[in-house]
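User: I'm new to this structure and would like a close look at one part of it. Could you pick a spot in a loop, walk me through it, and then show me how the rest fits around it?

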Amino acid sequence: RRLGDGALEIEFTNQPAFVVALDHPLEVEGVGTIPVDVSYGGMFYAIADAKALGFEVVPDEAKDLVAMGSKITRAASEQVEAKHPTQPVFEGVSISQLAMPLEESAGVKKSRNVCIVQPGRIDRCPCGTGTCARMAVLHARGLLAVGETFENWSVIGTRFRTSIVEETVLGGVPAVIPRVAGRGWIAGMIQYGHDPSDPFP
């Protein structure tokens, strides 16, 4: 879909996202015990309430957000057992997300988050897999229904427009199929070919 500024809105339907645990008690160094939601959207996330931890998720907090997110990731990787129900090679929490409470405006549900990736960096976008993991949590809590629009915003104001396409079951685990849309620009093109005489296609 072409947007007014010339960018394209690119949309994709992701793999199933599911919840591992809601309000899992996590012992975080220098903080104490906090509840985190653990879910999978392409990676396993420990999702913490940013506001409860004293954050507003704004650029001025970047250094402190990274420090807190890194502590949460380390704690979750040690204390939480997370394994994909059909692809057991995918296991363990490897990324944290600090998310603001859900709000609603003009019939659209919205939130702002920051995902902290190792070795201590902020994702510049709302994070595709992180957004899908968050949608699974919101759905499990009864806060996001199939077909409802959810806008997830990053710490620097970039946005993904999302929705849950349908509910499903993955290896006996309840899951959702998320759809994510965001702006994109064509940065390059590449073409591959195959010569029929090439023995190594």
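Analyst: Cys-127 sits in the loop between β8 and α2 (128-140). Cys-127 is no glycine, and yet its phi is positive, about 80 degrees. Its relative accessibility is 6%, so Cys-127 counts as buried (buried means under 20% relative accessible area, exposed over 50%, partly exposed in between, with a 1.4 Å probe and protein chains only).

Before going further, a word on what you're looking at: this is a predicted model, where local features need pLDDT of at least 70, side-chain atom pairs count only at pLDDT 80 or more, and totals for chains, interfaces and linings use all residues. Residues are numbered from 1 along each chain as its sequence is written, and side-chain values use heavy atoms, with hydrogens and water left out.

The peptide bond joining Gln-118 and Pro-119 is cis, with omega at about 10 degrees.

Asp-23 also has a positive phi without being a glycine, near 55 degrees. Asp-23 is found in strand β2, and its relative accessible area of 45% makes it partly exposed.

Rings of Phe, Tyr and Trp (its six-membered ring) pair if their centres lie within 6.5 Å; planes under 30 degrees apart count as stacked, over 60 as edge-to-face and the rest as tilted. That rule gives 3 aromatic pairs. One of them is the stacked pair of Phe-18 and Tyr-40, with 5.2 Å from centre to centre and 20 degrees between the planes. Phe-18 is in strand β2 (residues 18-28) and Tyr-40 in strand β3 (residues 32-40), so this pair ties together parts that are 22 residues apart in sequence. Phe-18 and Tyr-40 are both buried, and together with Phe-44 they make one aromatic cluster.

Further along, Gly-182 is part of strand β11 (residues 173-184). With 9% relative accessibility, Gly-182 counts as buried. If you set aside neighbours within four places in sequence, Gly-182 is in contact with Leu-8, Glu-9, Ile-10, Arg-159 and Phe-160, where contact means heavy atoms within 4.5 Å. Thr-158 is 24 residues away from Gly-182 along the chain, and their C-alpha atoms are 8.6 Å apart.

And the whole chain? It has 2 helices and 11 strands, running β-β-β-β-α-β-β-β-β-α-β-β-β along the sequence. Of the contacts with a separation of 6 or more, 60% are between residues 24 or more positions apart. For 201 residues, a compact globule would have a radius of gyration near 17 Å, and the protein chain agrees with its 18 Å (taken over C-alpha atoms, with the globule rule being 2.2 Å times the number of residues to the power 0.38). The C-alpha atoms fill a box of roughly 65 × 40 × 35 Å along the principal axes. Cys-127, where we started, is buried, and buried residues make up 41% of the 201 in the chain.

Key:
Helix = DSSP H or I, 4+ residues; strand = E, 2+ residues; numbered from the N terminus.
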